[in-house]
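Reader: I would like to learn how to read a structure like this one, feature by feature. Could you take me through it slowly, giving the idea and then the case?

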Amino acid sequence: MVVVHFILVGVLLVILQTTVFMPSPVSLLSPDLHYVLVAYLAFRLDLLRSLIILFPLVCVLDVLSGMVLGMYALSCFSGYFLLRQVSSKLPVNEILYQIPLIALSYLAVSWAVYLFLELFAPGQQVAWSWWRMIVRMTLVAGTTYPLFFIFDLLQKYSHRSFLHWNKLRLRGDNRRRRAA
């Protein structure tokens, strides 16, 4: 159930990001909500579930807002593996220490994707601007804590069982049987 819930939330975040928060792909005040979900998956879920969740998220994101197909796949998967590698080396797993790491990784991944695309598809995107990327990095950092709180609630809700199996369990032993 965790995978299904996070796929639905991821698609909802992508739809919100591409319709409400992003009037144009190069708008300044459009937070990349999908990157916060990528960071959450890197910090809190295992590899297989995370990749199962990321694949449809990246496909929807590329279809809805990708100017160059594969750009969001490259940024999401590289950000995921970067954060996963760095988080395995961190001694502390508190959210307040992870927010600057998420913001810096967003900036690094965005810069690397820009350089990669500039090398292979020159003229396809807008020129790099440090102050615009710092504003977007600040928006990602600002939305991290509330979204992590919502994702934690969703994960707790997903792990809760709908049927109480303890009430349905049959006892296999006889209480009156003597120990021989």
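Predicted model: local features only at pLDDT ≥ 70, side-chain atom pairs only at ≥ 80, totals over all residues.

Reader: Which residues of H3 are buried, and what covers them?

Author: In H3 the buried residues are Ser50, Ile53, Leu54, Leu57, Val58, Leu61, Asp62 and Ser65. Their cover includes H1, H2 and helix H4 (71-89).

Reader: What does the secondary structure of the chain come to?

Author: The chain comes to 7 helices and 0 strands, and from the N terminus on its elements run α-α-α-α-α-α-α. Of the 180 residues in the chain, buried residues make up 41%. Among contacts with a separation of 6 or more, 74% are between residues 24 or more positions apart.

Reader: Is Ala39 buried or exposed, and which residues is Ala39 in contact with, leaving aside its neighbours within four places in sequence?

Author: Ala39 lies in helix H2, and at 0% relative accessibility Ala39 counts as buried, because buried means under 20%. Leaving aside neighbours within four places in sequence, Ala39 is in contact with Leu83, Ile102 and Phe148. Sequence separation and distance in space are read side by side: Ala39 and Tyr80 are 41 residues apart in sequence and 6.4 Å apart in space, C-alpha to C-alpha.

**Charged pairs**

Reader: How many salt bridges are there?

Author: The general idea is that side chains of opposite charge can pair when their charged atoms come close. By the rule used here, the count comes to 3 salt bridges. In one of them Arg136 pairs with Asp32, and the closest N and O atoms are 3.3 Å apart. Arg136 lies in helix H6 and Asp32 in the loop between H1 and H2, so the pair ties together parts that are 104 residues apart in sequence. Both Arg136 and Asp32 are buried.

Reader: What of the salt bridge that Asp152 forms?

Author: Asp152 forms a salt bridge with Arg44, with the closest N and O atoms 2.7 Å apart. This pair, too, links distant parts of the chain, since Asp152 is in helix H6 and Arg44 in helix H2, 108 residues apart. Asp152 is partly exposed at 30% relative accessibility, and Arg44 is partly exposed with a relative accessible area of 29%.

Reader: And which residue meets Asp46?

Author: The side chains of Asp46 and Arg49 meet in a salt bridge at 4.0 Å, N to O. Asp46 counts as partly exposed at 39% relative accessibility, and Arg49 likewise counts as partly exposed, at 34%.

**Rings and cysteines**

Reader: How many aromatic pairs does the structure hold, and how is the pair of Tyr80 and Phe81 read?

Author: The structure holds 7 aromatic pairs. The rings of Tyr80 and Phe81 have their centres 5.2 Å apart and their planes at 75°, so the pair is edge-to-face, planes over 60 degrees apart being counted that way. Tyr80 is buried, with a relative accessible area of 0%, whereas Phe81 counts as partly exposed at 41% relative accessibility. Ring pairs also link Phe6, Tyr40, Phe43, Phe148 and Phe151 into a cluster.

Reader: How many disulfides are counted?

Author: A disulfide is a covalent bond between the sulfur atoms of two cysteines. In this model the count comes to 0 disulfides. As for individual cysteines, Cys59 counts as partly exposed at 34% relative accessibility, whereas Cys76 is buried, with a relative accessible area of 0%.

Note on methods
Residues numbered from 1 in each chain as written. Heavy atoms only, no water. Disulfide = S-S within 2.5 Å. Buried < 20%, exposed > 50% of the residue type's maximum accessible area, 1.4 Å probe, protein only. Phe/Tyr/Trp six-rings, centres within 6.5 Å; stacked < 30°, edge-to-face > 60°. Helix = DSSP H or I, 4+ residues; strand = E, 2+ residues; numbered from the N terminus. Contact = heavy atoms within 4.5 Å.
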